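The following report concerns a single protein chain. Please consult the sequence and the structure while reading.

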Amino acid sequence: MGDVFKALADPTRRAILDVLQERDGQTLFELITRLVTRHGVSSSRQAVSQHLDVLEAAGLVRTRREGRYKFHHLDTSPLRAVTERWRIDP
């Protein structure tokens, strides 16, 4: 669970998750384009790739390959595990 908090601590990684929430199943190129246009993030391709590695290690992003393309998908199950552990009662 610590990996989830580490992954969410960075604003660029949160922006990546926001972009994947808006449109799931994007390539690295698509993610970078949306990060620049919608969030003003000007990270290099390598930096975004490293952020995606952290998100994948935390279980927040899943990937699948189709030919030479790698698609990234949001996985919210680790977030559900956090909210189930520390429930918020109304």
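## The strand pair

In this predicted model, Arg62 stands opposite His73 of strand 2. A further facing pair is formed by Arg64 and Phe71, the latter again in strand 2. Strand 1 and strand 2 are paired in the antiparallel sense, with six bridges.

The two strands make up a hairpin in which two residues lie between them. Gly67, in the turn, has a positive phi of about 60°.

## The largest pocket

The volume of the largest pocket is about 330 Å³. Its lining comprises 16 residues, and those nearest the centre of the pocket are Thr27, Leu28, Arg45, Lys70 and His72. Two or more lining residues come from each of helix 3 (28-39), helix 4 (45-57), strand 1 (61-66) and strand 2 (69-74).

Sorted by class, the lining holds six charged, six nonpolar and four polar residues.

## The nonpolar core

In soluble globular proteins, nonpolar side chains tend to be buried together. The largest nonpolar core of this model contains 20 residues. Within this core, Ile16, Leu35, Val48, Leu52, Leu55 and Leu60 have the most contacts. Helix 1 (2-8), helix 2 (11-22), helix 3 and helix 4 each supply two or more of the core residues. Helix 2 provides the largest share, with five residues.

Which residues are in contact with Val48, once neighbours within four places in sequence are left aside? They are Ile16, Leu28, Ile32, Leu35 and Ser43. Among these contacts, Ile16 and Leu35 also belong to the group with the most contacts inside the core, whereas Leu28 is one of the residues nearest the centre of the largest pocket.

## Leu79 in helix 5

Leu79 is located in helix 5, which spans residues 77-85. Is this residue buried, partly exposed or exposed? Leu79 has a relative accessible area of 32%, so it is classed as partly exposed, given that this class lies between the limits of 20% and 50%.

Apart from residues up to four places away in sequence, Leu79 touches Val4, Leu8 and Leu60. Leu60 is also one of the core residues with the most contacts. Although Leu79 and Phe5 are 74 residues apart along the chain, their C-alpha atoms are separated by 9.5 Å.

Note on methods. Residues numbered from 1 in each chain as written. Predicted model: local features only at pLDDT ≥ 70, side-chain atom pairs only at ≥ 80, totals over all residues. Heavy atoms only, no water. 1 Å grid on protein atoms, 1.4 Å probe; cavity = no way out; pocket = protein on both sides within 12 Å on 5 of 7 lines; lining within 4 Å. Points joined across faces, edges and corners; volume = space filled by probe spheres on them. Helix = DSSP H or I, 4+ residues; strand = E, 2+ residues; numbered from the N terminus. Nonpolar A, V, L, I, M, F, W, Y, C, P; charged D, E, K, R; others polar. Core = buried A, V, L, I, M, F, W, Y, C linked by side-chain atoms within 4.5 Å. Buried < 20%, exposed > 50% of the residue type's maximum accessible area, 1.4 Å probe, protein only. Contact = heavy atoms within 4.5 Å. Pairing = 2+ DSSP bridges.
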